[in-house]
Amino acid sequence: VASITQNYGTSLVMPSNPEKTGYTFKGWHTDEECTEAYSFPSTMPAGNITLYAKWEVNQYTITINTVGGSDISPITQNYNTAITQPTDPTKLGHSFGGWYSDSSYTTTYSFPSTMPATNVTVYAKWNVNSYTISFEEKGGSTVNNITQNYGTAISVPANPTLTGYTFKGWHTDVECTEAYEFPSTMPAGNITLYAKWEINIYPVSCTSNGGDAVEAMTLNYNTAITQPTDPTKLGH
């Protein structure tokens with residue numbers, strides 16, 4: 001602000017307020033500590049005066065939009081004070097892809113070391129993760145693994161087959177004690193599923209065609225068979 005030099009008693013024009021980055025002007029004072037406020041007279045006073053500007057530091061806010069991720073509180077601090085960058089947010093099924101200064105993700109944002117002289121909103125970018133559902137058929141026909149992005153629609157695979165056994169569903173443990181229900185969309189994690197099989201029971205009926213009756217047998221698939229005693233028939 002330029003000094004004002006005029007004759008005593010001439011009209012004064014009050015100067016425009018000065019500006020300072022990160023601060024608000026709080027008026028002119030007659031002492032350097034800025035305890036005595038000064039009001040400009042309408043005419044030049046009879047004496048030289050030195051005036052001191054009083055400044056009040058501004059507070060600014062960095063608003064953090066995690067776009068569906070874990071919440072992060074906004075950062076509100078005085079201008080030029082040290083900033084601690086927040087911990088990266090998390091979001092189910094996604095990987096954090098950095099901070100951006102626009103919601104269109106065209107300009108990356110790096111947190112400054114000190115608070116800037118402006119309010120800022122930053123946006124988290126997310127990259128969707130891909131996961132795999134793997135199948136352990138335990139001797140049954142092959143079921144292809146499912147690898148898809150999180151949240152995409154899943155088509156439940158056809159049941160496997162195994163000669164002599166009935167398929168009893170998929171399970172999350174190798175002992176097949178925890179049944180698994182397929183979700184409609186891809187979950188946020190890799191999964192291995194195990195087929196549960198129940199052995200089939202088959203009847204063996206013996207028709208002796210007029211000979212002695214032979215008792216029928218009911219046996220599990222692939223178990224050893226004891227051949228029955230041959231039947232007899234009169235005259236044969």
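**Entry 1: Tyrosine 105**

I began with tyrosine 105, which is partly exposed at a relative accessible area of 27%. I noted the scale used: buried means under 20% relative accessible area, exposed over 50%, and partly exposed in between, with a 1.4 Å probe and protein chains only. The model is predicted, so local features need pLDDT of at least 70 and side-chain atom pairs count only at pLDDT 80 or more, while totals for chains, interfaces and linings use all residues. Residues are numbered from 1 along each chain as its sequence is written, and side-chain values use heavy atoms, with hydrogens and water left out.

I located tyrosine 105 in the loop between strand 5 and strand 6 (120–128). Strands here are DSSP runs of E with at least two residues, numbered from the N terminus. Setting aside residues up to four places away in sequence, I found that tyrosine 105 touches Val67, Tyr100, Tyr123, Ala124 and Lys125; contact means heavy atoms within 4.5 Å. The side chain of tyrosine 105 reaches the backbone oxygen of alanine 124 at 3.0 Å. I also checked glycine 27, which is 78 residues from tyrosine 105 along the chain; their C-alpha atoms are separated by 42 Å.

**Entry 2: Aspartate 31**

I next looked up aspartate 31, in the loop between strand 1 (23–29) and strand 2 (52–57).

I then listed the polar partners of aspartate 31. Its side chain makes a polar contact with the side chain of threonine 35 at 2.5 Å. A polar contact is a pair of N or O atoms within 3.5 Å; within protein, one must be able to donate a hydrogen and the other to accept it, and residues adjacent in sequence count only if both atoms are side-chain atoms. The backbone nitrogen of glutamate 36 lies 2.9 Å from a polar atom of the aspartate 31 side chain. Beyond neighbours within four places in sequence, aspartate 31 is in contact with Glu36 and Tyr52.

**Entry 3: Aromatic rings**

I counted 15 aromatic pairs. Rings of Phe, Tyr and Trp (its six-membered ring) pair if their centres lie within 6.5 Å; planes over 60 degrees apart count as edge-to-face, under 30 as stacked and the rest as tilted. Tyrosine 38 and phenylalanine 40 form an edge-to-face pair, 5.4 Å centre to centre with 80° between the planes. Phenylalanine 40 is partly exposed at 23% relative accessibility.

Why is the pair of tyrosine 165 and tyrosine 221 edge-to-face? Their ring centres are 6.0 Å apart and their planes stand at 75°, so the pair is edge-to-face. This pair links distant parts of the chain, 56 residues apart: tyrosine 165 is in strand 9 (residues 165–171) and tyrosine 221 in the segment after strand 12 (217–220). I recorded tyrosine 165 as partly exposed at 31% and tyrosine 221 as partly exposed at 29%. I also noted a cluster in which ring pairs link Phe135, Phe167, Trp170, Tyr180, Phe182 and Trp197.

**Entry 4: Two asparagines**

Asparagine 80, in the loop between strand 4 (75–78) and strand 5 (94–100), has a positive phi near 75° although it is a residue other than glycine. Asparagine 80 counts as partly exposed at 45% relative accessibility. Asparagine 222 has a positive phi of about 75° and is found in the segment after strand 12. At 68% relative accessibility, asparagine 222 counts as exposed.

Technical notes. Helices (H or I, at least four residues) and strands (E, at least two) are DSSP runs, numbered from the N terminus.
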